[in-house]
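The following note concerns the cavities and pockets of the structure shown below.

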Amino acid sequence: MKNLNRKNTGLETLQPIKVVQFGEGNFLRAFVDYAFQELNDTVDFNAGIAVVQPIENGMVDLINSQDGLYTLFMKGLDKGKEIQDKKLISNLVKGINPYSNFEDYLALAKEEELAFIISNTTESGIAYVDTDTPLMQPPSSYPAKLTLLLYNRYKHFNGDPSKGLAIIPCELINNNADTLKEIILQYYQDWKLEEGFKTWILESNTFHNTLVDRIVPGYPRAEIEEYNKQLDYSDNLIVTAETFFLWVIEGGEDLTQKLPFHKTKLDVKIVSDMQPYRTRKVRILNGAHTAMVPFSLLFGNETVKETVDHSFTGDFINKAIFDEINETIEMDKSELDSFAEDVLDRFRNPFIKHNLSSIALNSISKFKVRVLPSLLGYVSKYGKVPTHLSFAFACLILFYKGTWKGQVLAVDDSTDITDAFAAIWKSDDIKQVVQKTLSTVPFWDEDLTKINGLSEALVLAIDEINNNGVEAGFKNYSKVYQLQNS
């Protein structure tokens, strides 16, 4: 079998570098690089990408050994129908390790056609490190590396406004671009750079907050032989992803003209405010994930797919989303419901095994951010506690007891959380357990005993689960609670 390289594939003509990308991992290769490949293929965007390895140990050497080429396999469901596709990605034209070749890194600042900076350096990557200096080769943090690159570009082109860049970080933190810009300006101040550079940063460059959404399992190590059989070349950089794709970028018409994704099939939304989309994702996709974990594990399921496929647990999650979560989000209802249908298709994806235990990490803080706003929003809107989300809350409290029917549960949280619940569950009085849980302000950032009807609902739900199990317990709880609120 032939090696994967540009000579063997007839792809020896390189596109000009229009994108510098910090990060070479699975997500960027299955998301951003795929997106620019679609632009190149659909509208002849002619954009090459230079990949910068953000840490000393990484994958640049492996990427360069295949001339930047790799295969992306996409699998998923669309309204219940299985979809599979594969694509050879060919727009990575250079891989650079600034730790071993710093001059090559700085040379990127001189690229005439460079227009975009993309990054995904993990949530901890956009961070200020006060020990970074402009004399380091390279500085340790991503923002310091970027500041140095921008400063060299500013100097090389004598502050030419037309050489400014669109900076589009993809790290999973809210207001990622705003945070990055603040840190860059801090380095400008720390390093005592000329004021003209600050003016150029603020007036000639643009910073765009983003939301990215795609599940990327990455290299299919366990099934690699099955994937290799579908290729007529040897590929050490195969990456797998679901078919779903969503990229929300804050920007205006000028960015739409620079990035004409509207001419492709990709769901890229360039909007003035991405927060509604972030709320939608966090409440529906992440909220449903978090709500289902304790509930479904106590029921006996092991995976997300089992949960949504089972008649009882699937119906529970469906109603929690459509009847309760979606009712609290201030967006068009049909758009919310359409997004929710896509989420459920993603949960059913037969090609992705998503263990519930693997997403149980830090369930208390996740519940606070992802589920509690929907629960409280429902109470505010309807004057009563939502049946499904409150039952999921009861399951969460039971889950943090640590055992269920003689089995140890996959509780995975900080010691201050687990120690607090160990103390709470020393009591056999469920009313006391619920009161202490709800009144522990560090869990929720507020005293939830003040929420009318919540304590009583959780006590009833936990009693039903303890006495009758999850399925029969929910049916009884639902009937009693509906009578009480009729």
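1. In the second largest pocket, the greatest contribution to the lining comes from α14, which supplies six residues. The model under discussion is a predicted one. Besides α14, the strands β4 (70-78) and β5 (81-89) each provide at least two residues of this lining.

2. The second largest pocket holds about 590 Å³ of space. Its lining comprises 25 residues, and Leu77, Asp78, Thr243, Phe244 and Phe245 are the closest to its centre. By class, the lining of this pocket has 13 charged, eight nonpolar and four polar residues.

3. Two or more lining residues come from each of α2 (26-30), α6 (142-156), β10 (210-213), α11 (275-299) and α15 (363-370). The largest share, six residues, belongs to α11.

4. Of the 45 residues that line the largest pocket, Glu123, Leu172, Val212, Lys281 and Arg370 lie nearest its centre. The class composition of this lining is 17 nonpolar, 17 polar and eleven charged residues.

5. With a cut-off of 30 Å³ or more, the count comes to one cavity. The largest cavity contains about 60 Å³ of space. The elements giving two or more residues to its lining are α12 (304-309) and α14 (333-347).

6. Which residues line the largest cavity? They are Ile215, His289, Val304, Lys305, Arg346, Phe347, Ile352 and His354. By class, four are nonpolar, two polar and two charged.

Conventions: Residues numbered from 1 in each chain as written. Predicted model: local features only at pLDDT ≥ 70, side-chain atom pairs only at ≥ 80, totals over all residues. Heavy atoms only, no water. 1 Å grid on protein atoms, 1.4 Å probe; cavity = no way out; pocket = protein on both sides within 12 Å on 5 of 7 lines; lining within 4 Å. Points joined across faces, edges and corners; volume = space filled by probe spheres on them. Helix = DSSP H or I, 4+ residues; strand = E, 2+ residues; numbered from the N terminus. Nonpolar A, V, L, I, M, F, W, Y, C, P; charged D, E, K, R; others polar.
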